[in-house]
Structures are given as structure tokens and as C-alpha cells.
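I opened a new structure today and kept notes as I went. Here is what I had on screen.

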Amino acid sequence: MKKSSLKLLVLMLAFIYLPFNAFSWGMLGHRITGEIADQYLSKKARKAIKEILGNESIAMTSNWADFIKSDKSYDYLSPWHYVNLPENLARTDLNNFLSHEKGDNIYNKLIEVLEVLKTEKVDMEKRKLALRMVVHLMGDLHQPMHTARKEDLGGNRVNLFWFGEKTNLHRVWDEHLIEYQQLSYSEYTKAINFPTLSQFVSWQNASIEDMVYESYEVVNQIYGGVNAEDKLTYKYNFDWVQTLNQQLLKGGVRLAKVLNDTFK
Ligand SMILES: [Zn+2]
């Protein structure tokens, strides 16, 4: 095989592989967010969720939206996991920007599935899908690289090394940083689930637009903190682990709030 055609093949394989890895907190991140939310549910919400999910926990249902990426009939859900935002967007411009984005994205779809959950007449299968998506999308909304830039596919095209392993910025935030902590999702929850009262109140008072913007602000810091081809190791973990943990905790506290509001 010629060198150029080999290059092409590698490139093609990379693109085939990409969708399975792209656009999601890894398994742990979603489960941590789900497990934290579980600690703050109202009685009513807990009962309503049990009717929909049976014995499946919020933590375990959180990964469904990634697992079904292997089933073509769910391809329509792929754009739901993220929203691309332009650079230098001010908070005052965000609502306007989002209201003009008519296509499927995390913002439009989160609002839509929350409405479905509030409508009691909807049949159980649809309610189940809606609940699973709410749990998952609230997680993704707090993985900062899901409100990132279009031109690099949310950091998927920012190539980096993580302790010598070839990777990209999206994956560093999806998986590498979380996995580096060497905790299971329940251990992780125990380790970080200490919001102060003022954090708890202010986080739960945020609108969905506020959540998108906060995530976007973290994205801008993250982009500012790396250059393509950087070799990330201990220092990156040291600099960013607090941000990571806060995003996970915030996501969980807020997931509880939207579920409690939905099942009043
Ligand atoms: Zn996702």
C-alpha cells in the first residue's frame, strides 16, 4: 500500500471511530452526577422516578444515552449531547443566540424532555426515554467541553498527550482526569459531595441558560490552559481537579433540582 493511501485509511478509520468516543462525560462522570442527585431528591420525585425506572438507579440509567449510540435507530439522539457556541459570546447575548439555534442541541432538547416528563398522559416508554435523557444531558451540560467550539468538534480535534498516551482535549475532560482519581462512582460521590449552603442555593437557582453559560466560561478557561500537542501529566491534574470536581457536584445538585421541580 502506498504511503498516501495508508494515511487516508488511517484518517477514515479515525472518523469511523470518532462518534463512539465523542460528545459525552465518560461513564464515571455521568454516574457520579446521577449518584449525587440521588442524595437530594424529594420524596415525591423519588417515587415518580421509581415508577419509571423500577430498580434501576439514576446513576446506572445515566449511561443509557451513550450505550445506545451503537444502535443506528437512535442516531437521531447524537446532536442532543452538546451545543456549539461561538467565541467571545457575552452572557447578555446567550439567550438570543440560543433562541435562534433551531436545530437539535442539548439546550433545546433538555427543555423538550423536561416538558415530556411533566406531562403525565405521555406513555411510559416515552417517559422513560425522557427521564434517561434528562439525567444524561444534565451531566453533559456540566462537562465543559459540551458547550465548546464547532471548528474543533468540542475539543475532539485538539490533539494532546495524557501521560504519554495520544488523546484529545475532549477526552481529557470526559475520561482521563476523572479516571486518574482512581475512585468508583460511589467513592467519588462520598469524596466530593460537600456543597456549602450558599453554593447549594445559588447552583439550584440557576436557569438552564445560566448553566450553559457557566459551562461555556469554564470551556474558555480550559482552552486558555492548553496548546495542541501539549504533554499533560501531574501538573494538569493538580491545576484542574478542583474545577472538575465542582462541575460534577454542580451537575448533581442541579439534576436533583430539575427532577424535584418536574415531579412536584
Ligand atoms: Zn453525552
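**Ground rules.** I'm working with a predicted model, where local features need pLDDT of at least 70, side-chain atom pairs count only at pLDDT 80 or more, and totals for chains, interfaces and linings use all residues. Residues are numbered from 1 along each chain as its sequence is written, and side-chain values use heavy atoms, with hydrogens and water left out.

**Metal site.** I looked up what holds the zinc ion: His-81 (ND1), His-136 (NE2) and Asp-140 (OD) coordinate the zinc ion at 2.0 to 2.2 Å. Donors here are N, O and S atoms within 2.8 Å of the metal (3.2 Å for Na, K and Ca), and since water is not among the atoms, sites may look incomplete. Along the chain, the donors of the zinc ion are spaced H-x54-H-x3-D. I then found His-136 and Asp-140 both in helix 8 (residues 124-142), four residues apart, or about one turn of the helix. Helices (H or I, at least four residues) and strands (E, at least two) are DSSP runs, numbered from the N terminus. Are His-136 and Asp-140 buried or exposed? His-136 is buried, at 0% relative accessible area, and Asp-140 is buried as well, also at 0%. The cut-offs are under 20% for buried, over 50% for exposed and partly exposed in between, with a 1.4 Å probe and protein chains only.

**Cores.** A nonpolar core is a set of buried Ala, Val, Leu, Ile, Met, Phe, Trp, Tyr and Cys residues joined through side-chain atoms within 4.5 Å. I found 43 residues in the largest one, where Val-134, Leu-255 and Leu-259 have the most contacts inside it. Helix 8 gives the most to this core, with eight residues. Apart from this core I noted another, of 28 residues, including Ile-178 and Trp-240. Leaving out residues up to four places away in sequence, Leu-255 touches Val-134, Val-135 and Met-138, among others; contact means heavy atoms within 4.5 Å.

**Sheet.** I traced an open sheet of three strands, order 2-1-3, with mixed pairing. Two strands pair if DSSP finds at least two bridges between them. Strand 1 (residues 159-162) runs parallel to strand 3, with two bridges, and antiparallel to strand 2, with four. Trp-162 sits opposite Leu-232 in strand 3, while Leu-160 faces Thr-167 in strand 2. Strand 1 and strand 2 make a hairpin with two residues between them, and Phe-163 in the turn has a positive phi of about 45 degrees.
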